[in-house]
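Subject: Structure for your review

Dear colleague,

Please find the structure below, followed by an account of what was found in it. I would be grateful if you could read the two side by side.

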Amino acid sequence: MESAEKEEISVEDEAVDKSIFKDCSKIAFYRRQKQLLSKKSTYRALLDSVTTGKDSARFQIINEPAKVPLLAEVCGIEGNIFRLKINEEIPLKPRYEVPDVLTSKLTTVRLTSCPGDTGSLVLASGKGDLKCHITANPFKVDLVSEEEVVMSINSLGQLYFEQLQISPKQSRATKKNEEDASIDTTQVLPPLVWISLCMVLSISTESRNMLNHTNLKTQGPTPSDVFKQYSYLTGTQAMPPLFSLGYHQCRWNYEDEQDVKAVDAGFDEHNIPYDVMWLDIEHTEGKRYFTWDKKRFPNPKRMQDLLRNKKRKLVVISDPHIKVDPNYSVYAKAKEQGFFVRNHEGGDFEGVCWPGLSSYLDFTNPKVREWYSSLFAFSVYQGSTDILYIWNDMNEPSVFKGPEQTMQKNAIHHGNWEHRELHNIYGFYQQMATTEGLIQRSKGKERPFVLTRSFFAGSQKYGAVWTGDNTAEWSYLKISIPMLLTLSVTGISFCGADVGGFIGDPEAELLVRWYQAGAYQPFFRGHATMNTKRREPWLFGEEHTRLIREAIRERYTLLPYWYSLFYSAHVASQPVMRPLWVEFPNELETFSVEDEYMLGSALLVHPVTEPKATVVDVFLPGSSEIWYDSKTFAHWKGACTIKIPVTLDAIPVFQRGGSVVPVKTTIGRSTGFMTDSPYGLRVALSTKGSAMGEFYLDDGHSFQYLHQKQFLHRKFSFSSGVLTNSCADERGHYPSNCVVEQILVLGLKKQPSSVTAHSADGSTQPVAFKYHATTSTLNLEKLSLNIGADWKVHIQ
């Protein structure tokens, strides 16, 4: 035990040693790339070599100096999509092509050749207006929509395709200076491939409102079209269980069952809602996943029953490294079946991670994934229950004594592929297996929740992602916004950054600002490492507790809107958290904004990311838009930057004119306690006096919305003084006794003389109302309008 403890301490020290990481100048592959790309390459397409098949066209590309041909293939895919693949005609070995990312439903379409200019080839799919123009010399591919080029491939003439080569024999002295020479014994040098992709944009300048604004006209698909195309290829965001959109409380580590009980009680005592308690690696027996520390957590089911009684959940960690211990059943069974990544000599790869010496499950092997999924069965994972969900961490994979804290490039995976080929997809496969395991344990009935640190294209199908270990500094709060926006536009809507910073102790002001920002980010979790001070929300004084409580409660107020946005992401591929340019692609100013963003199409959020800020500059886009402050109801026209005074009480949030946002009017201790609580509608009128919005509801946890169409999808519209609730999807049916009890109308120019509610059965009832002339707001209260029924409210 003494040696194990000493090893663990050294592991932890190395885990935070950043000096072992290389910069670009120390990487041979990068140096070679820089030299090659400084030279202009000359490739031409041999169009007389074109052959067309059922669903693709093939032709040769040749580099003039080398005279070595490459094979290009253009495929047409349903949905106005072209796929270009370039490879060697006769490579020394096959190149790794990423499996399991593209959805199996892709349908290819036959390509036809169209008349083109001399020295060019034009391919069309017969469906959609997109055409593929191939220029022979110099080689270039243009995607053309309505006679406008929307994307150009190799227009800069920088294509470089390095062919696979046998690694030359080198002396020990020479190898010493090469990248990872001591551990990299590959026989085929890793190739360098480079090609440029350019978007085409038409920019014009026009005068508006006596000010010069640059207006961007985009040709081709809209941002929404691109998101749909991408999700058609890689899948949409999984529909999350409702509880996972609440607040998550995490720490490395909550000490024992009593600690969990005390923290859970603290939220209730301070009237702060939360949904999920998290346990890090210390909950296990010596960092052995799928086990419990018998002293700290002697009765994990009792602990889970405590949470269940408050309709809360538990998330525990499960990493890819498995402690080398013949008495540990997970290790013994995996070793017996050959389920670990191998080293280059053929034995099991062993590296150092949290448990000490560890082997790493080869998740690229389908049999390993199938076996790993089976470990989550209640009969196998002793002490687990149906409220336990999973967190995949360290799955880059992290190896403390490996090169740059990861696995050697020449470690061997399933199919005899080297780790260098599939490093980036390793974590994707662990999350896939974990998600499948949680679905299997419920016999396909319940939606899983799995958070992962490492991810890949298509990871959105399997759950949530967070940005990894951050630091309790203002700069990390600030950079979390562009990081999450980047993830969002690449298909991963369920993303977030650890509130407060994982490393370090945040000052009270920073912590409050982080909670305020996190409340408006898709995944909302507070987390901290073990050597930080405890920072549960009530530990920073009564005033800061109040501010954090308000931020978290605002998150729960907006849960109906959040859930509706996730449904839109799930079925229509629309990001939950959006850069401004997604909603306003014709305004050039929006492309440089990364300190504010849209939630759906209705809310604009500008977190405060500077200490002691008293005012922030907020850009409100859209020359024809009107924006309402969500707290004061003050309004501004769009296409301008305004200065907003700020105190520590709140951050600037604006509702877009023309939108309807559904909210909860009563907050419970967790989402489970809010199932039957009433709704409110925040109706913000456009400059034309109209508004629209949507609402989605199901049971919040099962797949019945998918298999049995048990859901409600409603549409709210306001026009000519009438607010209407109607069905947005006739396929869905889900009984709900919940009512809309409040309606707030922003931007109503004059006081109404009467307000009446009209039900589908023809009955009419007067509605009590309050009109505030100073803020142009109308408040309707004590309503009882069923959320799932057709009705109208007339304002006269």
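Met-483 is located in helix 11, which spans residues 474-489; helices are DSSP runs of H or I with at least four residues, strands are runs of E with at least two, and both are numbered from the N terminus. This is a predicted model, in which local features need pLDDT of at least 70 and side-chain atom pairs count only at pLDDT 80 or more, while totals for chains, interfaces and linings use all residues. Residues are numbered from 1 along each chain as its sequence is written, and side-chain values use heavy atoms, with hydrogens and water left out.

The relative accessible area of Met-483 is 35%, so this residue is partly exposed (buried means under 20%, exposed over 50%, partly exposed in between, with a 1.4 Å probe and protein chains only). Together with Tyr-476 and Ile-479, Met-483 makes a nonpolar surface patch of about 250 Å². Patches consist of residues with over 30% relative accessible area and no salt bridge, where nonpolar side chains (Val, Leu, Ile, Met, Phe, Trp, Tyr) are joined within 5 Å and like charges within 9 Å. Accessible areas come from the Shrake-Rupley method with a 1.4 Å probe, and for residues only the protein chains shown count as cover.

Salt bridges form the second topic. The count comes to 39, a salt bridge being a side-chain nitrogen of Lys or Arg within 4 Å of a carboxyl oxygen of Asp or Glu.

Lys-478 pairs with Glu-610, with the closest N and O atoms 3.2 Å apart. This pair links distant parts of the chain, 132 residues apart: Lys-478 belongs to helix 11, and Glu-610 to the loop between strand 31 (603-605) and strand 32 (615-620). Lys-478 is partly exposed at 40% relative accessibility, and Glu-610 is partly exposed at 40%.

A salt bridge also joins Asp-649 and Arg-546, where the closest N and O atoms are 3.2 Å apart. Because Asp-649 lies in the loop between strand 35 (640-645) and strand 36 (653-656) and Arg-546 in helix 13 (residues 542-557), the pair ties together parts that are 103 residues apart in sequence. Asp-649 is partly exposed at 39%, as is Arg-546 at 25%.

Arg-656 and Glu-583 meet in a salt bridge at 2.8 Å, N to O. Arg-656 is in strand 36 and Glu-583 in helix 15 (residues 580-583), 73 residues apart. With 13% relative accessibility, Arg-656 counts as buried.

Yours sincerely
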